[in-house]
Amino acid sequence: MFYWALRDILRRPVRHLLMIFALAGLMIAAAVPLIFTGALSAGAEALLSDAPSIVIRRADPVGWRPIPIEPGIKAAESIVGVIRVRARRWGVIDGSKGPLVVIGEKGLSDNHASSLPDAFSSDLPSNSDFRSADFRDFSERFPLTPETAPLTHETVSLSWEKAGQLLNLPRGTATDLGVDVYYPQEVEAVCRELSHAFPWPVQMLTHNEILSLFRRRASMMGSAALFSLIPALIGMILMVMAVLQQQAANIRETGLLKALGWTARDVLRLSFLRMLLVIVPAILLGAAGIAAVFYGPAPFRSLGAPLGLFFGWHGALSALPFDAQVAGSAFAAAGTFILLPYIGASLWSAVRASAAEPGAFIEGGGAG
Amino acid sequence: MSEGIFCRDLELVRRGSRDQERTIFTDVNADFPAGNITLITGPAGSGKSSLLYILAGLIRPTRGEVLDGEEAVSRWLTPHRDLWRKGVGIVFQHFQLFADLTAEKNVMIPLLPKKWPYRRIRNRANEALERLSAGHLSQMPVHLLSGGERQRVAVARALAADPAILLADEPTAHQDPEGMKIVMDVFAEARDRARVVVIAAHDPRIAGIADRHYRFIDGRLVHDRSPESQG
Amino acid sequence: MIAHPILMAIGMADLLGLGLILSAGWIAGDVLLHSNPDGRDRRQIALEARSERGGLEARWGAGLFAFSTLLLVIAVTRILPELIPGAMCGTGVFQAMQGAGFRAFALRFITLLLLYLWHLLDRLNRTSPRGPLTETCARMLLIALPGAVLGIFDTFKAVSLLDLERPVDCCAALYDRFGNGNSLPFWENIPDAFWMGGFMATGILLIAAGIWSFLRPGRKSAALLAIFSLIWPFAAAGALIQVLSAYHYQVLSHPCPWCLFLPEHWRVGFFLFAALLGGMAAGTAALLSIIVGQRYPAIREPARIMSRRASGWVVLLSILFIIGASFPALLWRLRHGVWIGG
């Protein structure tokens, strides 16, 4: 029977080859946003693994205000349960190519030799003493785990003072304070105490809140990116129509097979094998394509560049480390979404034909 | 009830578009006993082929039933009719061969679901072709064969699974006297092995070997008992 | 509403399945009103053909409904908790669905049980060439149909209530029930010993009835098996959630069924709840097969075989459930020498 199914496929090789490529292409289109959303969540978790338990920012009715470092740290350290308070300088500068995240680092000298990512070299403030060499690629500077790549590839580090200058932070102030607590379970209680400890109004975000913010943002962007599936959906509908049309052409053969002593089960088995011979290569090809777009060399990764429209970055995708769970679940979801209608269309026609009167498909049902 | 196929109150109505209806035949009561060759004749469009289709379980009648022994097989559920149909061999008027396959592969088709080893299926197909003196055509694609040769391949395909019921629609229409003899010998052999053989034909040469003769007249099947119609 | 491929797949499968079930239901109504198996007139012959087509549509419809239910379980337990702020497992997702989710699940599982029984009757019907159970099948399909319609309607309603912006408090939903002792449902006040006693007693009786029904399939043994297979899931699920879940989670008490579906607990919930529901369905199937087999001689033998097979399944599934549910507790006891909670 397998041989028969293979022979059937080879009777129309071009059509089946096109179908394999179409299925694989649609699977890639559907899986790309899902994998990237998953990678962003995993990246956020990896990046925030060492982040402070609570982040405190000074706020007034106008908006965020720089937080004075010394009184801030003193006030935070006065609360029982707080073990460490760090002042942090960071912010976002608008460049012609999009936003660039800048982080101030105390350990860096003002004139260390490194460079800004190429895409942003024209975004330096024009009438200041900033040079490209002042900026340092964040992910290169810090030994971060590879999962963080999607979140840090447009982040750079500067010396503490130059960051303050660039972000307009007065001397002795920081963007926010990072607070570590002794028992993570006590975060909520410590937050309540902290809210009364400062002489200015503050807003606090806990580690879990930041993590869920990242996750929500990732999934919202992922949902938006799903709009990129609209062409995929149209493609899928066309494909299902093509399959149904092809099956309609096969219906005479199915009727004939039944007339020659095949049972509905035999016909279904043949259709199933025929379908497997199309979807197995399509799955393999789709998996190879997805692997190339996310985990392959740069030329392949540039195929994922349109995702930047939804996720807000530029150029080729950063190479992602392989995460079996993220890739596996996205591939399974995309496979279900794309392959299910194909399988349904293939088998439904076979079932319909095999359950119908076989004579109806042969010679007009014996009209004579 | 003895062995064979029996029709009871059969009626076939075809429906076209806009509720148009055409009664092909009605009130057909006929017996096709095992070990007999039954010939059905009638003018073109009288319903000969349709009756064969109903006997083969390929279409349902609009009324009445077909009995195999005492079982109303025409009303069986599809999976049971599918299994029953494995015991039916049919030769179609227009052969219904797979044009892009060789003669051997066409004859193999009814045997494929049997889960036999491939070699056994192939041998059985070639034996059937040999019986029809078409062994030499085995590896020829069907579209290269003549009408008569194709018809013999179609008969070989119907015989390959050694069916208990053999139905043939104009099986000699494209045969020369030699081909005609080969085909008729095969049917006579099936009769001798207590098979049900039903032939629908115009060909007067067949009447010579038929044991029973039915004739379609004005949408009704009439048993022709005249001596000249009996073999 | 969240645009996620799995929710789209559920919607597609549901709509297609519902269309097929409704069409099959229409034919089933026709069969019940007009079928006359002894006649061989035009109407009866046409009805027999349509009834076969209806059976095929119902099989595909039921298959799609079961598939979309499985996808829904996966979505609620694995995918939606990551998207809904504050949700850590299915409890949070149900909170976000505001009651429609629970109704959808309840209706879906009742409908699945009815469709499974329809499927069983249909299979028995097809063992005999003339299909003696055609009318019984039609009746069962019409019983299942409203559940399918309402279940799918509630699913759409529940999914449309999901909101990425509105946070839920997953654990609060669970522990708030304990905050005010007066509002506790009655089962929360049942002592652990009663849960475990009921679990073990009904489990032993169920297995015994299953073995009896397997060895001697008959109306009495199958009836007993069906009764216990309907009681057992409640006792077993209660013991699992109220007592044994603590050993799966390795905490003093966390009576949440949905956390059992999380990867950190080996997704054991899929296996345990499938075993419970499967056992319940198989126990009911064992009795139904025997009853119809005794009423219709043409299918007596296949019905007996089916009842025997269903009894075997009940025994196997209940043993697997007992092992899967209680293994972590036994392991804990072996390691620490005490039960959680003393």
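**One residue and its surroundings**

Guide: With 18 C-beta neighbours inside 10 Å, B:Met180 counts as partly exposed, because a buried residue needs 20 or more and an exposed one has 12 or fewer. The model is predicted, and that applies to everything that follows. B:Met180 sits in helix H6 of chain B, which covers residues 177-192. Leaving aside residues up to four places away in sequence, B:Met180 touches B:Thr172, B:Gln175 and B:Arg205. A further distance can be given for B:Arg152: it is 28 residues from B:Met180 along the chain, and the two C-alpha atoms are 9.6 Å apart.

Chain B also holds a sheet. Its four strands are arranged in the order E2-E1-E4-E5, the sheet is open, and the pairing is antiparallel. Strands E2 (21-33) and E5 (71-72) of chain B each have a single partner strand and stand at the edges, so one side of each has no neighbour in the sheet. At the E5 end, strand E4 of chain B (residues 63-68) pairs with E5(B) over two bridges, in the antiparallel sense. There B:Asp68 stands opposite B:Glu71 of E5(B).

At the E2 end, strand E1 of chain B (residues 4-15) is joined to E2(B) by nine bridges, and the two run antiparallel. One of the bridge pairs sets B:Arg14 against B:Arg22 in E2(B). E1(B) and E2(B) make a hairpin with five residues between them, and in that turn B:Arg18 has a positive phi of about 55 degrees. A positive phi also occurs at B:Asp9, which is not a glycine; its value is near 55 degrees. B:Asp9 lies within strand E1 of chain B. B:Asp9 is partly exposed, because 14 other C-beta atoms lie within 10 Å, a count between the limits for exposed and buried.

Next come the contacts of chain B with the other chains. On the chain A side, 24 residues are in contact with 28 residues of chain B. The elements of chain A that give two or more residues to this side are helix H1 (2-11), helix H9 (229-259), helix H10 (264-295) and helix H14 (363-366). H9(A) has the largest share, with four residues. By class, the chain A side of this contact is made up of 13 nonpolar, six polar and five charged residues.

As for chain A as a whole, it has 14 helices and 11 strands. Of its 368 residues, 38% count as buried. When contacts in chain A between residues at least 6 apart in sequence are taken, 79% of them join residues at least 24 apart.

Chain C touches chain B as well: 11 residues of chain C are in contact with 14 of chain B. On the chain C side, the largest share is five residues, from helix H2 of chain C (residues 42-83). That side divides into three nonpolar, one polar and seven charged residues.

H2(C) also packs within its own chain. Its partner is helix H3 of chain C (residues 90-97), at an angle of about 75 degrees and with the axes 8 Å apart. H2(C) and H3(C) are therefore roughly perpendicular to each other. From H2(C) the contact uses C:Val76, C:Thr77, C:Leu80 and C:Pro81, and from H3(C) it uses C:Gly90, C:Gly92 and C:Val93. These residues are four nonpolar and three polar, with no charged residues.

Another helix pair in chain C is H7 (residues 192-215) with H8 (residues 219-249), which pack at about 150 degrees with their axes 8 Å apart. This angle makes H7(C) roughly antiparallel to H8(C), because angles over 145 degrees are classed that way. The crossing of H7(C) with H8(C) is left-handed. In the contact between H7(C) and H8(C) there are 17 nonpolar residues, nine polar and one charged.

C:Gln250 is not a glycine, yet its phi is positive, near 60 degrees. C:Gln250 is exposed, because 11 other C-beta atoms lie within 10 Å and the limit for that class is 12 or fewer.

Conventions. Residues are numbered from 1 along each chain as its sequence is written. Chains are lettered from A and ligands numbered from 1 in the order in which they are written. This is a predicted model: local features need pLDDT of at least 70, side-chain atom pairs count only at pLDDT 80 or more; totals for chains, interfaces and linings use all residues. Two residues are in contact if their C-beta atoms, placed from the backbone, lie within 7 Å. Two strands pair if DSSP finds at least two bridges between them. Axes are lines fitted to C-alpha atoms, for helices over the stretch in contact, and angles run from 0 to 180 degrees between N-to-C directions. Angles under 35 degrees count as roughly parallel, over 145 as roughly antiparallel, 65 to 115 as roughly perpendicular and the rest as oblique. A crossing is left-handed if the near helix is turned anticlockwise from the far one by less than a right angle, and right-handed if clockwise. Ala, Val, Leu, Ile, Met, Phe, Trp, Tyr, Cys and Pro count as nonpolar, Asp, Glu, Lys and Arg as charged, and the others, Gly among them, as polar.
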